[in-house]
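Here is a short report for someone meeting this structure for the first time. Please keep the sequence and the 3D view open while reading.

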Amino acid sequence: MNPTGIIGAGFISAFAITFIFMPFLVAYFRAKKEGQMIKEIGPNWHKSKSGTPTMGGILFILATVIVTLLVGAIAHQLTAAVLVTVLVFLGYGLIGAFDDRIKIFNHQNDGFSAKQKAGLQVLGALILFLILMFAGFDFKIVTWWWTLHLGWVYLPILIFWMVGWSNAVNLTDGLDGLVAGTSIISYVTFGLMALKANLMGIAMFDFVLVGALVAFFWYNKKPAQIFMGDTGSLALGAGLAINSVILHKEFALLLIGIIPIIETLSVIIQVTSFHFFKKRIFKMSPIHHHFEMSGWSEWKIDIVFWIITLLGCVISYSLT
């Protein structure tokens, strides 16, 4: 099977699975009355979203994992790098799923404590490092001018990277369709980078995930019929991080993931300013809520943030 055929088969299969079965998942969660609890501190108009089914990330994660493994096996593309990427994507999705279940069962917006969630994310990064080390992975940072081989020194960087990016995408997931849209653009970019590096298996994973996300977006766009939950956002953030590690494109992710970076910085700035000076820089953080409070519609924020992501991805890809 040629590269185009592999990618096309994976994309279509993941799209079909997600698109066909998502209505059944929505109906199941509605019947069980398992919906999202909206934070009291959020915008008042978001309260109308309370009860919307969540954990939609379960389906696009399963579709991506199943299709990647099946198509990868048929095309002989199940390399160690692909299996590690799938494992990370699934593992961080499970952390999010347990977090979502706690929220649903307790009928509140808080799941794991910050320490519990961080502990599990750090544990995931440690396991990832050990797997990569025993697989003979070359831990290195590559820029346009030099390459630095780090070995064990890469461990704290990997922990920071996995925890940071999974949480950054989680923070970004506050508007209908926002993260689904930015993730589609970002994973297409990483898929193209993987093709350029002749890493067909990683490209296959990326485009399979894009297919699943395109289908998910149909149900997640405003007004959302289902949210991805921490299940989806933690998996997507970890997926971006492991892509950058496997491809040695950590610096490229700074542009590809420009929106999660901005969202995270807005929270850090807001918390720091209020803690030390008792003043808020933004009307509300993360910054997408600031624009909401300023009168922007969700669609306007989504489109502007998607355009910024696209520009970051185009610049990043052109520099590779």
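The report below covers selected helices, helix pairs and loop residues.

The model is predicted. Residue numbers start from 1 along each chain.

## Helix α12

Helix α12 covers residues 298–318. It has 21 residues. From its first C-alpha to its last it reaches 30 Å, close to the 30 Å expected at 1.5 Å a residue.

Which residues of α12 are buried? They are E298, I301, D302, F305, W306, T309, G312, C313 and S316. Seen down the axis of α12, these residues fall within an arc of 125 degrees, so they line one face of the helix. The face turned away from that buried side carries L311 and S318, which are exposed.

What do the buried residues of α12 pack against? Their partners are α6 (178–196), α7 (200–220), α9 (250–256), α10 (258–277) and α11 (287–293).

## Helix α4 and its partner α8

Helix α4 spans residues 114–134. It has 21 residues. Its reach from first C-alpha to last is 30 Å, close to the 30 Å expected at 1.5 Å a residue.

The buried residues here are K117, Q121, A125, L128, F129 and L132. Seen down the axis of α4, they fall within an arc of 115 degrees, so they line one face of the helix. On the other side of α4, K115 and F134 are exposed. G136 follows α4, and its phi is positive, near 80 degrees.

Helix α8 covers residues 229–246. The axes of α4 and α8 come within 13 Å and cross at roughly 30 degrees. The crossing is right-handed. On the α4 side, K117, Q121, L128 and L132 make the contact. On the α8 side, the residues are D230, L234, I242, V245 and I246. By class, the residues of this contact divide into six nonpolar, one polar and two charged.

Two packed helices are described by the angle between their axes and the distance between the axes.

How do α2 and α7 cross, right-handed or left-handed? The crossing is right-handed. The axes of this pair come within 9 Å and cross at roughly 145 degrees.

From α2, the contact takes in F60, A63, T64, V67, T68, V71 and G72. They meet M204, F205, V208, L209, A212, L213 and F216 in α7. This contact has 11 nonpolar, three polar and no charged residues.

| Pair | Axes come within | Crossing angle |
|---|---|---|
| α4 and α8 | 13 Å | roughly 30 degrees |
| α2 and α7 | 9 Å | roughly 145 degrees |

## Loops and backbone details

Next come the loops. Where is P223 found? P223 sits in the loop between α7 and α8. A cis peptide bond joins K222 and P223, with omega about -5 degrees.

The loop between α10 and α11 holds P286. A cis peptide bond joins S285 and P286, with omega about 0 degrees. K278 also lies in the loop between α10 and α11. Its phi is positive, about 55 degrees, although K278 is not a glycine. Is K278 buried or exposed? K278 counts as exposed because its relative accessibility is 61%, and the cut-off for exposed is over 50%.

M55 has a positive phi too, near 65 degrees, in a residue other than glycine. M55 is found in the loop between α1 (3–31) and α2 (57–74). At 3% relative accessibility, M55 counts as buried, since buried means under 20%.

L78 belongs to the loop between α2 and α3 (80–106). At 31% relative accessibility, L78 counts as partly exposed. Which residues does L78 contact, leaving aside its neighbours within four places in sequence? They are T68, L69, G72, A73 and L83. T68 and G72 are also among the α2 residues that meet α7. I159 is 81 residues from L78 along the chain, and their C-alpha atoms are separated by 25 Å.

Notes. Predicted model: local features only at pLDDT ≥ 70, side-chain atom pairs only at ≥ 80, totals over all residues. Heavy atoms only, no water. Helix = DSSP H or I, 4+ residues; strand = E, 2+ residues; numbered from the N terminus. Expected span 1.5 Å × (residues − 1). Buried < 20%, exposed > 50% of the residue type's maximum accessible area, 1.4 Å probe, protein only. Arc of directions from axis to C-beta. Contact = heavy atoms within 4.5 Å. Axes fitted to C-alpha atoms, helices over the stretch in contact; angles between N-to-C directions. Left-handed = near helix turned anticlockwise from the far one by under 90°. Nonpolar A, V, L, I, M, F, W, Y, C, P; charged D, E, K, R; others polar.
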